[in-house]
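Notebook open, viewer loaded. I'm jotting down what I look up as I go.

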Amino acid sequence: MTNHTTGRTVPAVTTAERIHLIDIGINLTHRSYAADRDAVMARAQAAGVVQMLVTGSSAASTREAVALASAHPRRLFATAGVHPHYADEWSAQVASELATLAGSSEIVAIGECGLDYYRNLSPPALQRDAFHQQLELAVSAGKPVFLHQRDAQADFVAILREHRAHLSGAVAHCFTGTAADLECYLEMQLFIGITGWICDERRGAHLLPLMRTIPAQQLLLETDGPYLMPRDLEPKPASRRNEPAYLPHIAATVARARGETLAQLATQTTANARQLFHLPIIH
Ligand SMILES: [Zn+2]
């Protein structure tokens with residue numbers, strides 16, 4: 001199906017097979033969406049992506065995410081947090097601003113927060129400090145956390161364990177780890193966020209056999225757009241920019257790996273997202 005307004009191809013969804021999906025991680029305030037954000041949102045809706053969580057990754061992007069969410073009530077929600085890449089921006093002022101924002105109804109989770117030693121764009125000690133403080137914020141705000149971890153598993157788990165019992169809920173966003181990492185997360189009762197990384201035949205193939213080991217009630221789906229374009233889309237989009245309209249493609253890959261229908265997986269993951277983030281039911 002071609003959208004004649006934009007000339008872009010979107011997955012065809014007929015009424016009979018209408019599914020409802022929730023993209024729990026979309027960086028919709030990213031500059032790459034600035035020129036056509038409404039069209040991106042319309043394509044998402046047409047593809048069955050009925051609700052989305054706009055990721056906050058700094059104080060500034062959290063402010064933008066809240067503004068965007070408040071302009072689209074019941075469809076868009078936001079997270080409030082500082083990504084480990086920006087942990088060096090963490091300050092008492094940022095902490096107090098996030099604490100204020102965290103109280104707003106648009107904010108349904110704290111994060112994205114965590115540790116990223118792969119790039120170490122901020123010094124690890126600052127990352128750990130910002131992570132600790134955001135977990136404490138999540139506890140005081142009574143909201144779940146949206147977690148990022150890359151090449152920092154041991155420190156990440158150690159810090160998370162200190163706070164886990166007091167957290168209302170948590171999702172390991174963009175899970176790309178090993179069977180052992182997954183086992184550890186499941187044992188900590190984390191939700192697991194799966195992105196289009198799983199569609200990457202070079203670096204995502206190890207995830208396919210792990211899909212069956214995730215309890216249905218702990219599975220969530222996300223695009224992490226504009227990043228992580230699914231590599232196996234047919235036909236290949238002209239742009240490398242990922243967007244929420246591709247979530248059904250990711251969902252179909254996960255459903256196949258679990259031996260479920262797309263409809264089953266959509267129903268389950270949508271219910272999971274609504275439960276974890278306390279989202280209203282809409283169609
Ligand atoms: Zn991330």
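This is a predicted model: local features need pLDDT of at least 70, side-chain atom pairs count only at pLDDT 80 or more; totals for chains, interfaces and linings use all residues.

Where is the place of Pro235? I looked it up: Pro235 sits in the loop between E10 and H7.

**Cis peptides.** I checked omega around Pro235 while I was there. The bond from Glu234 to Pro235 is cis, with omega near -5°. I found a cis peptide bond joining Gly225 and Pro226 as well, with omega about 10°. Pro226 is in the loop between strand E10 (219-221) and helix H7 (247-258).

Asn120 belongs to the loop between E6 and helix H4 (124-141).

**Zinc site.** Next I went to the metal. Which protein donors does the zinc ion have? I get Glu112 through OE, His148 through ND1 and His173 through NE2, lying 2.0 to 2.2 Å from the zinc ion. Written as a spacing along the chain, the donors read E-x35-H-x24-H. His148 is in strand E7 and His173 is in the loop between strand E8 (170-172) and H6, so this pair ties together parts that are 25 residues apart in sequence.

**Largest pocket.** Then I turned to the pocket list. The largest pocket holds about 1100 Å³ of space. I count on 35 residues for its lining, and Arg119, Arg203, Asp224, Tyr227 and Leu228 lie nearest its centre. Strand E6 (107-116) and strand E7 (145-150) are the elements that give two or more residues to that lining. E7 gives the most, with three residues. What is the lining of the largest pocket made of, by nonpolar, polar and charged residues? My note says nine nonpolar, 15 polar and eleven charged.

**Helix pair.** Last stop was H5 against H6. For two packed helices I want the angle between the axes and the distance between the axes. Helix H5 (residues 153-164) and helix H6 (residues 179-187) pack at an angle of about 5°, and their axes are 12 Å apart. Angles under 35 degrees count as roughly parallel, so H5 is roughly parallel to H6. On the H5 side I listed Gln153, Phe156, Val157 and Arg161 as making the contact; on the H6 side, Asp181, Cys184, Tyr185 and Glu187. Sorted by type, the contact residues come out as four nonpolar, one polar and three charged.

Methods. Residues are numbered from 1 along each chain as its sequence is written. Side-chain values use heavy atoms; hydrogens and water are left out. Axes are lines fitted to C-alpha atoms, for helices over the stretch in contact, and angles run from 0 to 180 degrees between N-to-C directions. Helices (H or I, at least four residues) and strands (E, at least two) are DSSP runs, numbered from the N terminus. Angles under 35 degrees count as roughly parallel, over 145 as roughly antiparallel, 65 to 115 as roughly perpendicular and the rest as oblique. Contact means heavy atoms within 4.5 Å. Ala, Val, Leu, Ile, Met, Phe, Trp, Tyr, Cys and Pro count as nonpolar, Asp, Glu, Lys and Arg as charged, and the others, Gly among them, as polar. On a 1 Å grid over the protein atoms alone, a cavity is a set of points where a 1.4 Å probe fits but cannot get out, and a pocket is an open set with protein on both sides within 12 Å along at least five of seven lines; lining residues have an atom within 4 Å of a point. Grid points are joined across faces, edges and corners, and a volume is the space filled by probe spheres set on the points. Donors are N, O and S atoms within 2.8 Å of the metal (3.2 Å for Na, K and Ca); water is not among the atoms, so sites may look incomplete.
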